[in-house]
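Open the model in your viewer and keep the selection tool at hand. The tour moves from the whole chain to single residues.

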Amino acid sequence: MEEAFSTEHKKSCANCGAELKFKPGSNQLKCEYCGYEEFIEQAKSSFEELELQHYLKVVGDNAYTETIELLHCKNCGANQHVEENYKSLDCVYCGDPLIREDIVKEGWILPGALVPFQIDAKKAKTIFKSWVNSLWFAPDKLKKAAIDAEGLHGLYVPHWTFDANLYATYQGQRGDYYYVTERYKTKNGTQTRQVRKTRWSSASGAVNGFVDDILINASEKKRRDIPSKIAQWNLKELVVFNSKYLSGFVTEKYTISLKEGHHQSFQEAKRIAYSWINKDIGGDAQRIDHTDIKLSEETFKHILVPVYISSYKYNGKEYQFYVNGQTGAISGIRPYSFWKIFFLVLFIIIIIAVIAIFTQS
């Protein structure tokens, strides 16, 4: 096991001693009390792609390069790293209280890079509020929750990314469409129509290429799926990991192991290979009977990506709303107000009844 060490410390303002927090959309830390700003020194080298097989075969899942303090939510199971003087001790996913005395130290594979927050909490709150106000039949309590800034948390979500050279051989069939004229009888007599048919021919060959940044969510998907609508980050904006970017935000530790993440990435690589093969076969339709897919020179990164989360409970059910911390995209499953729908239906029925009465008179 590699030697574990900790780099997480409070970032203090050189002017007044208060905590410095990362300023989204910049490369700076900012003091919310006196306005002092401090630049985050940028790494001179780029982030490192780690050789996958070394970690899987030699080092394995027990290899860690850092220890972090984690709070485990007993309700939903999320493992969250919280800055030592972070004010909110509620779970970012379900809103249940987290007990500071339950902090445990665990190891993780040090993130190689992260996508910094580009929008701040104020902007995320405005996006969330505008979205809620656009919803039909939203409960009034939800609209009040959109005004509550304390209910919105910035979270760095762990992901694995995988790169590889892909080589695949295949055997299959190419389908080319052609049309024949058929006659058929109707009550108006015999008519003709064009019918499409497919001419199949054998096809075989090989495809190869570089598969770049297959992104796998490293957070166990239990009651807290991040909607695919917002799970799109521009990885060209990745920067070398620096713990200063985490100041003022919550960081979730990965629960999907490197081994499991690699297994999921192969399924995505398989999908990519089939797409390449279908294009290579050509024609109007394709069938793949057999394929042999090989990946070589595989590398991976552990990265963090930014999300704002608002957790809300309504009628005993839990709802989460997500804002992409880089792009501002928003998504969530919303509740409906039974009474708003009921009174609208009742109003429509009354209007119809009134119209019917005046029509008959």
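**The whole chain**

Begin with everything selected: of the contacts in the chain with a separation of 6 or more, 73% are between residues 24 or more positions apart. Contact here means heavy atoms within 4.5 Å. This is a predicted model, where local features need pLDDT of at least 70 and side-chain atom pairs count only at pLDDT 80 or more, while totals for chains, interfaces and linings use all residues. Residues are numbered from 1 along each chain as its sequence is written, and side-chain values use heavy atoms, with hydrogens and water left out.

Colour by secondary structure. The chain has five helices and 15 strands. Both are DSSP runs numbered from the N terminus: helices are H or I with at least four residues, strands are E with at least two.

Now show the surface. Its accessible area comes to about 20,200 Å², and carbon and sulfur atoms hold 51% of that. The areas come from the Shrake-Rupley method with a 1.4 Å probe, and for residues only the protein chains shown count as cover. Of the 361 residues, 41% are buried. Buried means under 20% relative accessible area, exposed means over 50%, and partly exposed lies in between (1.4 Å probe, protein chains only).

**Stop one: helix α5**

Select residues 338–360, which are helix α5. Ile355 is found here.

**Stop two: a pocket**

Go to His159, Leu215, Ile216, Ala231 and Trp233. Among the 14 lining residues of the second largest pocket, these lie nearest its centre. The pocket holds about 400 Å³ of space. Strand β10 (residues 189–217) gives the most to the lining, with four residues.

A pocket is an open set of points on a 1 Å grid over the protein atoms alone, where a 1.4 Å probe fits, with protein on both sides within 12 Å along at least five of seven lines; lining residues have an atom within 4 Å of a point. Grid points are joined across faces, edges and corners, and the volume is the space filled by probe spheres set on them.

Select Thr161 in strand β9 (residues 152–186). Is Thr161 buried or exposed? It is buried, with a relative accessible area of 0%.

Keep Asp213 and Lys301. They form a salt bridge, with the closest N and O atoms 3.0 Å apart. Asp213 lies in strand β10 and Lys301 in strand β13 (residues 285–314), so the pair ties together parts that are 88 residues apart in sequence. Asp213 is partly exposed at 22% relative accessibility; Lys301 is buried at 1%.

**Stop four: more salt bridges**

A salt bridge puts a side-chain nitrogen of Lys or Arg within 4 Å of a carboxyl oxygen of Asp or Glu. The count comes to six.

Select Glu268 and Arg271. Their closest N and O atoms are 2.6 Å apart. Both sit in helix α4 (residues 258–281), three residues apart, about one helical turn.

Finish at Lys294 and Asp292, whose side chains meet in a salt bridge (2.6 Å, N to O). Lys294 is partly exposed at 47%, and Asp292 is partly exposed at 33%.
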